Amino acid sequence: MSNSATLKMDAAAEHSLLDDGVQGLIGQPLDRVDGPKKVAGKAPYSAEYAFDNLAYGVLVGAPFARGRITAIDDTAAMSLPGVLAIVSDPDKFLRNSGQGGQNEAPVQNAHEVFYMHQPVALAVAETFEQARAAAAAVVVRGEPIDGEYDFEARLDTADTPDDGVIPPATSQGDIDQAMVDAAVTVDGIWTTPGQNSAAMEPHVSTAIWDDDGLTLYGAYQMVASDRMQLADALGLDPEQVRIVSAYVGGGFGSKLGISSEAVASAIAAKQLGRPVKTVMTRQQVFDATIRRSNTRQRIRLGADENGVLHAIGHESLSSNLPDEDFFEPAGIATHFLYRGEHRRITHGIVRMNRMLSGSMRAPGEAVGLLALECAMDELAEKLGLDPVELRKRNIPDIDPEKQIPYSARKQVECLEEGAKRFGWDRRNRTPGAMREGEWLIGHGVAAAARTNQLMQSEAVARLTPEGRLVVETDMTDIGTGTYTVLMQIAGEMLGLPADRVDVHLGDSRFPPAAGSGGSWGAGSSGSSVYLACRKLREQLAEKLDCDPAKLTLKDGEAIADNRRVAITDLIGDGLEAHGRIEPGKTSESHTQSGYGAHFCEVRVNAVTGEVRVARWTAVYAAGRILNEKTARSQCYGGIIFGIGAALTEALVHDPRDGRIVNHDLAEYHVPVHADIPQLDVVLLPERDPYANPLQAKGIGELGIAGAGAAVANAVYNATGVRVRDYPLTLDKLLSGLPPV
Amino acid sequence: MQFTINGTVHEADIDVRTSLLDLLREHLGLTGSKKGCDHGQCGACTVLVNGRRINSCLTLAVMHQDDEITTIEGIGTPDELAPLQAAFVKHDGFQCGYCTPGQICSATGMLDEVKKGWPSHVSEALDGQVDLTDTEISERMSGNLCRCSAYPNIVAAIREAAGLAPVEHEVVGEDA
């Protein structure tokens with residue numbers, strides 16, 4: 001009997017073995033298995049492995065934004081105490097960070113500078129303090145030339161990129177004529193600023209060489225492809241590179257690909273013959289990793305007098321470096337969320353000398369719905385229609401572009417349940433009409449949708465002679481709860497309690513997983529674990545000489561045909577199985593997405609324009625919920641990211657050289673405790689058999705999708721001021737506020 | 001130089017430029033305290049110095065040779081969690097866990113400040129007993145950023161550790 005199982009999702013998984021399990025783990029709101037370690041400070045993040053003879057690296061950035069490096073003068077730096085080397089290898093150093101999932105080296109060639117503070121050297125010393133002083137003493141000489149820093153002035157230079165997660169441009173029908181014919185229209189421009197993921201753990205690499213090659217302890221979301229990127233950048237075989245990312249202090253997209261500190265640390269460690277650890281400063285994380293692009297989005301909506309959409313257009317521009325093909329897919333949800341036979345969705349890139357742009361939490365939906373869902377609010381008002389009702393009237397029967405059915409879709413239920421819990425029927429439709437003292441009160445709604453994806457992923461599961469189950473995959477847990485949900489899947493499948501399941505992650509020696517990105521992590525890696533465990537069930541059934549379908553596993557016992565046997569009696573010297581999931585026809589046959597609805601109450605100070613989020617209800621449906629507690633936390637995180645996007649977060653670029661002037665956590669304002677009330681989050685029961693054998697869809701990014709638009713719509717309802725330029729800082733509200 | 005950390009005296013030969021945080025992380029192997037910004041902006045490095053919470057990245061180690069320093073490692077261990085730590089696990093007051101030791105050290109110091117009657121920006125009065133509302137907790141914890149944004153759960157965890165009633169909307173399941 002083969003010990004591996006592969007499933008290509010070519011057909012719906014109508015029956016999931018998780019529903020046959022009697023262990024009672026799946027779906028339960030269990031505490032995180034890595035929780036005790038994390039709260040006691042004992043979970044080792046990548047900067048926290050101890051090595052003898054460790055040297056410290058600090059990156060040196062270019063002092064200009066565009067031009068050629070002519071010399072890296074290390075004279076002063078090398079004269080400082082403890083300094084070991086000023087390492088620069090401009091052929092190999094990364095110019096740009098890697099994008100997620102790419103298997104080739106990111107752009108190298110650090111002879112040329114393309115954005116301010118691009119890393120060009122690494123100062124290495126015996127201690128961190130010595131390395132920091134040395135980095136400050138390095139003199140980088142070059143020949144600066146003019147760069148491109150003005151987005152608004154260069155809109156007409158935008159180019160159409162290659163296909164990304166969606167095609168860059170699609171069109172059907174005649175939207176221009178449909179807008180002319182429509183009874184009611186909205187046609188506006190929304191802008192969103194650049195953003196930084198700002199994960200709490202800075203980017204870090206500790207590099208060690210031995211006879212087998214390089215081991216790199218780094219903070220990564222996608223170990224398998226990051227290993228390929230790193231090997232290619234260094235000219236090594238992938239077999240010579242091992243990456244360890246056992247605990248990752250947040251990612252949100254910023255750690256999908258490798259960054260400059262990885263290659264620089266590896267080169268320095270090789271050159272010095274000792275381990276080198278490089279932790280980026282917070283400023284370097286802002287300056288030299290990856291950002292979410294700013295966007296300019298034109299939304300056109302054309303509806304008949306009943307509020308039914310016939311025209312829907314979403315034309316957006318984002319910015320990126322020359323030759324980078326990532327574009328912010330702002331129209332991704334617009335493709336399938338609403339009706340309209342005349343449609344046009346396009347994306348262009350304005351080439352600029354700003355740091356690389358790429359994926360940040362819900363690339364596409366996070367900014368796209370900031371525009372679309374506010375346009376829907378404006379349309380509802382013009383129609384004199386409740387915005388919940390407008391959305392319900394425009395839910396398509398089938399995908400309006402691909403003409404294929406949707407998989408599980410509780411779009412209506414989310415809106416209705418949310419409206420009921422929130423008390424939406426009691427809101428005052430007249431803007432600026434609700435007030436308590438100097439506080440104006442408003443309510444807003446927005447829909448949530450996040451495309452669901454399945455990626456190839458592999459895992460191995462092993463039953464030990466002692467009756468423990470060990471799961472290994474190079475999947476990561478970046479706070480998403482992977483350790484916990486994989487334990488729940490494995491324990492449910494093999495009838496073992498939580499304390500008999502060991503999940504090992506984040507090591508490229510384990511089978512390659514999908515990685516943490518695009519909300520596909522739990523569904524993809526979980527399916528590979530499911531398949532490996534299904535194979536182990538079959539092996540146990542064979543040992544017991546019974547039909548696997550009639551095998552019940554619980555608390556370490558196998559029960560079948562009126563027999564009850566401890567599984568340790570069946571395991572022998574140990575059993576092992578390998579599982580692999582691959583996307584298949586269900587990705588094409590059905591449009592798959594998680595759905596939700598946000599309801600928000602804001603209070604806007606009539607004197608100062610300060611906006612406070614006072615109350616929140618969100619209802620989501622995303623297939624099977626694997627762990628209600630960790631899933632809910634993901635939703636909280638998404639909503640709060642959305643509140644930040646609506647009210648405070650914005651990268652500010654210096655118009656003279658593109659540098660990010662607010663490159664730290666004092667000036668780039670992520671939400672803090674005092675910005676956030678208690679949030680009411682509901683997860684509707686649902687199964688999506690087209691998604692994967694778990695029947696679960698992604699939940700890590702659904703919460704951010706639309707959240708900021710609910711805030712903006714509530715601010716309008718409170719004040720009567722429409723702001724189409726995010727974030728909604730008080731200066732944009734003040735002049736329009738009603739009299740105090 | 002000598003430092004008293006979690007009741008144990010440690011010897012270290014350090015640079016005068018070494019922050020208290022880098023002393024802990026890079027010289028003594030106490031990596032529970034985290035570096036998120038090195039500028040006192042995020043709170044991930046929060047420790048207790050003589051019982052008061054402090055950003056350990058913003059103070060030099062040499063200034064603390066006579067102080068009693070408590071880090072997350074001194075608050076509880078995975079096998080013997082302190083009540084606040086256990087409440088963070090139960091209420092999922094974290095996701096990635098990187099800000100968590102700082103949140104817990106900060107909350108420990110904060111609850112002591114409340115006990116002493118120290119007012120905050122949102123307190124109704126400058127003296128007398130503090131009514132530890134959610135608004136008070138959130139205000140007093142705002143020096144500790146959590147980008148995973150576990151804020152509602154952190155407030156719930158602190159409420160439990162402080163002996164307050166549970167949050168209305170929260171669903172907390174049975175432990176495994």
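**A residue and its surroundings**

Guide: Leaving aside residues up to four places away in sequence, Asp226(A) touches Tyr220(A), Gln221(A), Ile243(A), Lys255(A), Leu256(A), Gly257(A) and Ile258(A), where contact means heavy atoms within 4.5 Å. This is a predicted model, so local features need pLDDT of at least 70 and side-chain atom pairs pLDDT 80 or more, while totals for chains, interfaces and linings use all residues, and side-chain values use heavy atoms, without hydrogens or water. Residues are numbered from 1 along each chain as written, with chains lettered from A and ligands numbered from 1 in written order.

Asp226(A) belongs to helix 5 of chain A, which covers residues 223-234; helices are DSSP runs (H or I, at least four residues), numbered from the N terminus.

On chain B, helix 3 (residues 83-90) has as its buried residues Leu84(B), Gln85(B), Ala87(B), Phe88(B) and Val89(B). The cover over these buried residues includes elements from both chains, namely helix 1 (35-39) and helix 15 of chain A, along with helix 2 (72-75), helix 4 (100-115) and helix 6 (151-161) of chain B. After helix 3 of chain B comes Asp92(B), and the phi of Asp92(B) is positive, near 55°.

Helix 15 of chain A (residues 628-647), one of those covering elements, leads on to helix 16 of chain A (residues 707-719), since the axes of helix 15 and helix 16 come within 7 Å and cross at roughly 50°. Helix 15 and helix 16 of chain A are therefore oblique to each other: angles under 35 degrees count as roughly parallel, over 145 as roughly antiparallel, 65 to 115 as roughly perpendicular and the rest as oblique. Axes are lines fitted to C-alpha atoms, for helices over the stretch in contact, with angles from 0 to 180 degrees between N-to-C directions. Where helix 15 and helix 16 of chain A meet, Ile639(A), Gly642(A), Ile643(A), Ala646(A) and Leu647(A) come from helix 15, while Ala707(A), Gly708(A) and Val711(A) come from helix 16.

Another pair on chain A is helix 11 (residues 482-494) and helix 12 (residues 521-544), which pack at an angle of about 25° with their axes 9 Å apart. That makes helix 11 of chain A roughly parallel to helix 12 of chain A. Among the residues that make this contact are Val485(A), Leu486(A), Ile489(A) and Met493(A) of helix 11 of chain A, and Val529(A), Tyr530(A), Cys533(A) and Leu540(A) of helix 12 of chain A.

Finally, Gly128(B) sits in a loop of chain B, between helix 4 and helix 5 (134-140). Gly128(B) counts as partly exposed, at 47% relative accessibility, and the C-alpha atoms of Gly128(B) and Met141(B), which are 13 residues apart along the chain, are separated by 20 Å.

Technical notes. Helices (H or I, at least four residues) and strands (E, at least two) are DSSP runs, numbered from the N terminus. Buried means under 20% relative accessible area, exposed over 50%, partly exposed in between (1.4 Å probe, protein chains only).
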